[in-house]
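The tour goes stop by stop.

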Amino acid sequence: MRRRLLARLAAVGTATALMAGVAACSDPTNGGTSGQGGGSDLSVYLYQKPKRFSPLDSFAGAEGQVMSLVFDNLVSVNAAYQYEPRLAQSWDISPDSKTYTFHLRKGLKWSDGKPLTSADVLFSYQLLANPAVSDGMAGRLADVVGVKDFTSGKAKTIAGFSAPDPDTFVVKLNSANRGLLSNIAGGTYAFIVPQHVLGNVPIDKIKDDPFWNKPTVGAGPYTFVQYRTDQYVEVVRNPNFRQPASINRIFLKTVTSDVATAQLGTGELTLAQVAATDAKTVQGMSGLTTVSQKGGNGFVRVAVNQTQQRFRDPRVRQAMLYALDRKQFVQKSLGGYGLVPNTSLMGKFVPSGIDDYAYNPAKAKALLAAAHWDSSKPVTLAWIPGTRDRDDFVTLAQSQLNAVGIKVVPKQVQAAELGQIQDKATFDLTLFGGGLYTVDGSSVAPILSCKAIPLKAGNISRFCDPKIDALLDQAVAEPDDAKRLGIYQQVARLDNQESSYLWAYSPDTIWAYNKKLTGFTGHGNFTLVFWNAYQWKLSG
Amino acid sequence: MVAYVIRRLLVNVLVFFGLSVGIFALVRAAPGDPVLVMIDPTQAQGAGPGFLAMKRHELGLDQPLPLQYFSWLRRAVTGDLGVSYVSHRGVADVLTERLGPTVLLMGTALAIGIILGALVGTIAAVRRNSAVDYTAAVLSMATVSVPSFFVGIAAIYVFSLNLRILPSAGMSTPGGGGGADILRHLVLPATILGLSVAGPMVRYVRGGLIGELNADYVRTAVAKGASPWRVVFRHALRNTLIPLITIVMIYIPQLLGGAVVIEQIFSWPGMGQLVVSSVAALDYPVVVGFALYIGVLVLLCNLLADVLYAVADPRVRLS
């Protein structure tokens, strides 16, 4: 009896296993059309799940990467951190640095074949500068002539934007600003959107328009096809782009970083950004090339709340920097893939001869003693856990600052809470990162200037030095680039001495890609990875 | 029974109301400010101090909490769960979009779990204290105690990276697709989830069946010459069904809520992934909508369990 029963059970089990086997073996090659890195389809790792694709949003890197493929902007930044003409072939800046005139390329077209003119640019900028609909760009364009009248309802359009002819777009500013380009030129900012698609949408409805979930008309090298939620974004070559791309389709896949590393090995992914901690693993895989770029990801920093009396003395902040062995951290935790910054400015704006705050606990103790530091009072260090290098740095800060008499208590917070405590200045120390400071010196104003404090947003340390502010004002009005550079280097020197932030480290951007991909130039800023995607080719 | 179901449904409406108040209050009690999550402070720079207040007003977050609740409830009863702060899409749409992948993954996992659990549990009970029984005990303990993220990563390593017979992540091949392709993507996550269901199921089935096989009516059936197959499946196994119904009904909301870890590892676009990202972004409308969906599911499954009791065991009378 028992044997017969077991035989039947075994039969059912075998049938189930066979069904699973058939399913598993239906395509033994695995990976499908894009899986082997061949043909004309490319699979790229998308490190976050995108939400939607609106240039009006305050978007994160993943959305920015997709948008840089399907939209285009007037000017972008290349891998050497220099301005790269995009829709605008050239631009003039008036001697008073208040008027920018952009000259568009001839014969520009949208992906649906309709002509792209300065009217589209004007339409886009009217939206981008409107605080009621634009979360991401309105702040960057707040100084354009007429924005205040428009916001208060006195004017129906923003007077500072104009399109005198189909190939020319003009921006007028209230005050001199040589740094405007850096505000609109990041590959992920100020994208131009089609007026012929969105022009009839009422302004109060435009923010929620379904177009932003599926922007199938754009001016980028690729055209949006679909977003399979939480799986992948598919884009296809835009035949109307000024220099049509060679690779036919790009799939941007949202997987975890572990899976991304594995898929680089299997060929399911052709290109991925890898963490410094995974760099060695990837270098051990055959058929892959690894490249790294410095300075494009800003820096991971600790803001020191200078609304608290105990942190106002620069000697306390300098002591903290001397107490931290940042050089060894970069070597050990980042495998050497990083820089140790000593000012908030980066790249060419950093002069030689500034203090490198080399690890010196004795000096740290002396500075703290001179500043009458009260070591009995704990100092909380708030950060969002889950990123290995940042978690490691918090551990290091806790032990090395404790060693010199600063009693650090790590405090884990969620993203939402971090924003709140930074906004309300209810923190002691807080660790965060980001920014692109290599292109233009003016980009540090939101994190350094006294003027950035009232909004309690960008200048999270609440650092204020009127001398730095005066220099920053002088620099944005200075038409001579060499002189501007000199002024920003002065800012860097002052900032270095006063330690506005605890500059922790600046991680390199590391890219790994299949050797079948050619023409790829790794950008230091990962959101600009596709800056020359139209020139990429796939062989084999 | 119809009167019973109607009465229970009415009670559920009250429970649902209480649930909605609780969920709404709890979600709002979470620390943080959704506007500050949505807007990068350095990008808001220059727009003036009124900018963030304006954004709060746009989302209705400057209203008193009770007012926010009633305006939400008024819309919710008509099926309008509001608009996601993040994707700017209707919450009902966002949830519905996730329902398909979740039902597919969880349904398959549940089926694997039940079939495997019942099968192995029955064998273990019939061949009690044999090598098969002991092996089943060890394996079922292992499925419960080894964390699914470990099994998931190990499975990717073996089946995707080394053997290369199954895809490592996603629900379909980009640019490909089709039923067979989805099935291939389903094998690893569904099996791993299914095993986690099967583990405890084996113990329940085995325990229940052993009790039944010792009962007098089984001895009577054997004495009357009923075949072993008939004794186990028609008589004994049927009587172990009632506790199993409870277990399965408890599993359904749990599984349809999404297996967060498995979905993350295998990039499966289900509910679990949605709720994790929505909580991190303080996307209140989606979190509240999701919590309500789970609440309703639990209430319905409880009701269904009661009704199924009566179907499985005619002695149970619902009144």
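Is B:His88 buried or exposed? B:His88 counts as buried, because its relative accessibility is 14% and the cut-off for buried is under 20%. Find B:His88 in the loop between α5 (65-76) and α6 (91-126) of chain B. Now check the backbone: phi of B:His88 is near 60°, a positive value in a residue other than glycine. Most residues other than glycine have a negative phi.

Before going on, note that this is a predicted model. The predictor gives the complex an ipTM of 0.72 and a pTM of 0.81. Chain B averages a pLDDT of 84, and 94% of its residues score at least 70. Where pLDDT is low, the predicted coordinates should not be read in detail.

**Stop: helix α8 of chain B**

Select residues 148-162 of chain B, which make up helix α8. This helix has 15 residues. From first C-alpha to last it reaches 20 Å, close to the 21 Å expected at 1.5 Å a residue. Next, colour its buried residues: B:Gly152, B:Ala155, B:Ile156 and B:Ser160. What covers them? The cover includes α8 (257-266) of chain A, along with α9 (179-213) and α13 (260-265) of chain B. Step just past the end of α8(B) to B:Arg164, where phi is positive at about 55°.

**Stop: A:Ser499**

Move to chain A and select A:Ser499. It sits in the loop between α17 (481-498) and β18 (501-507). A:Ser499 is not a glycine, yet its phi is positive, at about 50°. A:Ser499 counts as buried, because its relative accessibility is 0%.

**Stop: aromatic rings**

How many aromatic pairs does the count give over all chains? The count comes to 31. Start with A:Phe161 and A:Phe169: their ring centres are 5.9 Å apart and their planes lie at 20°, so this pair is stacked. A:Phe161 is buried, with a relative accessible area of 4%. A:Phe169 is buried too, at 0% relative accessibility.

Next, select A:Phe241 and A:Tyr534. This aromatic pair is tilted, with 5.4 Å centre to centre and 55° between the planes. A:Phe241 lies in the loop between β9 (232-237) and β10 (249-253), and A:Tyr534 in the loop between β20 (517-518) and β21 (537-538), so the pair ties together parts of chain A that are 293 residues apart in sequence. Both A:Phe241 and A:Tyr534 are buried.

Then widen the selection around A:Phe161 and A:Phe169. Together with A:Tyr100, A:Phe102 and A:Tyr125 they form one aromatic cluster.

**Stop: charges over rings**

Show A:Arg140 and A:Tyr189. The charged end of A:Arg140 sits over the ring of A:Tyr189, 4.2 Å from the ring centre. Now show A:Arg301, which lies over the face of A:Phe299 at 4.3 Å from the ring centre.

**Stop: the disulfide**

Which cysteines does the disulfide join? It joins A:Cys450 to A:Cys464, with 2.1 Å from S to S. The count over all chains comes to 1 disulfide. The torsion about the S-S bond of A:Cys450 and A:Cys464 is about 95°, so the disulfide is right-handed. A:Cys450 and A:Cys464 both lie in the loop between α15 (445-448) and α16 (466-477) of chain A, so the pair ties together parts that are 14 residues apart in sequence. A:Cys450 is buried, with a relative accessible area of 17%, whereas A:Cys464 counts as partly exposed at 41% relative accessibility.

Last, go back to chain B and select B:Cys301. B:Cys301 is buried, with a relative accessible area of 7%.

Notes:
Residues numbered from 1 in each chain as written. Chains lettered and ligands numbered in written order. Predicted model: local features only at pLDDT ≥ 70, side-chain atom pairs only at ≥ 80, totals over all residues. Heavy atoms only, no water. Helix = DSSP H or I, 4+ residues; strand = E, 2+ residues; numbered from the N terminus. Buried < 20%, exposed > 50% of the residue type's maximum accessible area, 1.4 Å probe, protein only. Phe/Tyr/Trp six-rings, centres within 6.5 Å; stacked < 30°, edge-to-face > 60°. Lys NZ or Arg CZ within 6 Å of the ring centre and 35° of its normal. Expected span 1.5 Å × (residues − 1). Contact = heavy atoms within 4.5 Å. pLDDT = per-residue confidence, 0-100. Disulfide = S-S within 2.5 Å.
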